[in-house]
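Here's a quick look at how two parts of one protein chain meet. Have the structure open while you read.

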Amino acid sequence: MINTKSDFINDQSISEILTNYSKPEAAQVKDVLTKAREMKGLSLEDVAVLTGANDPSQIQELFDTANDIKDTIYGKRLVMFAPLYITNLCANECTYCAFRAKNKAIVRKALNQEEVKRETEALIKQGHKRVLLVAGESYPKQGFQYVLDSVRAVYEASYNNDNIRRVNVNVAPLTLEEFKLLKNEKIGTYQIFQETYHRETYKKVHIGGKKMDYDWRVTAPHRAMEAGIDDVGIGVLFGLYDYRYELLALMQHIQELERVYGVGPHTISVPRMEPATGSDMASQPPFPVSDLDFKKIVAILRLAVPYTGIIMSTRESEQMRRDTFALGVSQISAGSRTNPGGYEEEDEISGQFSLGDHRPMDEVIRDVAQMGYVPSFCTGCYRLGRTGQDFMDMAKPGAIKAHCGPNALSSFMEYLNNYASPETFKIGTELIEKTISGLEGVPADRARKLVDRVNNGHSDVYC
Ligand code: SAM
Ligand code: SF4
């Protein structure tokens with residue numbers, strides 16, 4: 001029986017833990033940071049303690065610990081992706097979103113399959129290999145089949161013999177049957193953000209449409225996993241409610257998935273509310289999260305769930321994105337547009353929210369490489385079936401580094417050869433050489449071989 005109730009999000013236990021642990025002594029914070037270095041994750045109580053670490057030296061220690069854990073598990077790699085908005089039609093009334101049904105200030109559009117292909121080609125031309133397909137909750141006459149057709153269209157699109165190799169999907173909660181159909185289309189991760197786990201707030205901000213049903217949404221990851229989609233991404237829209245509460249509730253959600261399916265989420269997203277056309281709330285979030293608290297959120301998550309990817313979108317500014325790489329972020333989007341058709345045609349007004357980072361992909365890649373991070377376009381794990389539990393098992397002993405490190409370098413080399421500007425090519429190739437010379441043993445041999453194969457004209461090589 002799949003769980004259809006949200007009782008695993010337990011308000012009472014969250015408020016008790018926050019009352020008892022979120023004003024910690026310095027020694028308590030130290031103990032939790034020491035425990036975190038074992039990289040076995042943290043309890044809800046530990047997370048509450050860290051939310052109460054407010055002294056500048058404690059915060060610095062938290063950030064340093066997050067940086068060390070990120071380096072140990074992920075190395076310097078940063079996975080790249082771009083969102084592809086296929087429709088901004090929506091039957092829901094989420095008060096923070098420009099796509100909400102009653103908002104008359106945006107132009108509505110649902111891309112047809114030809115348009116989906118053209119948008120995809122525009123992304124391939126930028127060098128992308130991973131796409132996150134996004135939609136409002138109202139599909140043209142084909143209904144849910146529209147989403148399935150769109151996933152297929154993305155995979156079918158090609159430019160210069162290149163194509164998108166992994167399609168992740170962020171759409172409204174589906175039934176078990178629909179999830180099975182989605183899995184058949186060979187999607188990578190299914191993503192869904194609860195927005196807020198706080199029931200009262202959830203009710204206040206979702207005032208129309210199917211999204212009003214909290215339980216249906218919070219159990220969507222259960223149905224996805226039940227349907228065989230191993231990689232599920234979850235998240236919170238920060239700004240709707242107290243971030244301390246949200247972090248603990250997110251932990252309860254993770255624990256529930258681990259308990260039932262033996263594996264937690266593949267990724268966690270941390271969208272922070274941004275201004276959106278036609279939404280007063282989006283410009284004045286009820287619980288604004290300061291920049292410092294936002295960084296704390298990322299660092300705490302890195303410690304709490306060390307093997308789960310953390311995604312940072314272009315909602316955030318260039319500088320905030322840079323700052324959070326060292327705190328635990330493992331995936332970033334680049335060159336994004338949030339209006340359907342936005343890669344072919346500029347229309348900021350009809351986007352879902354305002355972007356904080358407007359730079360084109362090549363510039364982001366150059367910046368990331370200049371900071372010493374290796375942009376990765378690898379999609380190897382998912383194509384080799386290393387998903388869900390298998391991925392986690394491999395990640396835990398650090399073996400992921402032996403694969404992901406070399407794969408990141410070969411996929412970056414492929415990007416540089418085919419899509420980079422001369423300046424980015426120069427910075428990127430220097431970084432690749434420097435990175436390989438810093439490796440030893442098997443990872444060094446693998447990396448050298450894979451990069452050589454790419455330079456000899458092979459594409460899509462991974463181990
Ligand atoms: N419509 C589907 C849904 O709501 O689940 C698909 C995803 S929606 C297009 C993508 C995400 O954008 C939402 O889950 C929400 O967290 C985020 N979002 C909405 N309005 C936002 C805003 N003003 N600022 C930042 N993120 C926002
Ligand atoms: Fe629609 Fe999703 Fe925006 Fe809500 S967040 S209005 S469901 S697109």
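How many salt bridges does the rule find across the interface of domain 2 and domain 3?

## Salt bridges and polar contacts

The rule picks out two of them across that interface. Keep in mind that this is a predicted model. In a salt bridge, the side chains of arginine 366 and glutamate 423 come together, with 3.8 Å from N to O. That sits inside the 4 Å cut-off used for salt bridges.

Polar contacts turn up as well: seven residue pairs make them across the interface of domain 2 and domain 3, with both residues at pLDDT 80 or more.

## What domain 2 brings

H15 gives the most, with six residues. Sorted by class, that side of domain 2 has eight nonpolar, five polar and seven charged residues.

## Layout and buried area

In terms of contact, 20 residues of domain 2 meet 17 residues of domain 3.

Together, domain 2 and domain 3 bury about 1400 Å², and 61% of that is on carbon and sulfur atoms. For the area that domain 2 buries against domain 3, Asp362, Arg366 and Val374 supply 34%, more than any other three residues. Arg366 is also the salt-bridge partner of glutamate 423.

How values were computed
Residues are numbered from 1 along each chain as its sequence is written. Chains are lettered from A and ligands numbered from 1 in the order in which they are written. This is a predicted model: local features need pLDDT of at least 70, side-chain atom pairs count only at pLDDT 80 or more; totals for chains, interfaces and linings use all residues. Side-chain values use heavy atoms; hydrogens and water are left out. Contact means heavy atoms within 4.5 Å. Buried area is the accessible area (1.4 Å probe) that two parts lose on being put together, summed over both. A polar contact is a pair of N or O atoms within 3.5 Å; within protein, one must be able to donate a hydrogen and the other to accept it, and residues adjacent in sequence count only if both atoms are side-chain atoms. Helices (H or I, at least four residues) and strands (E, at least two) are DSSP runs, numbered from the N terminus. Ala, Val, Leu, Ile, Met, Phe, Trp, Tyr, Cys and Pro count as nonpolar, Asp, Glu, Lys and Arg as charged, and the others, Gly among them, as polar.
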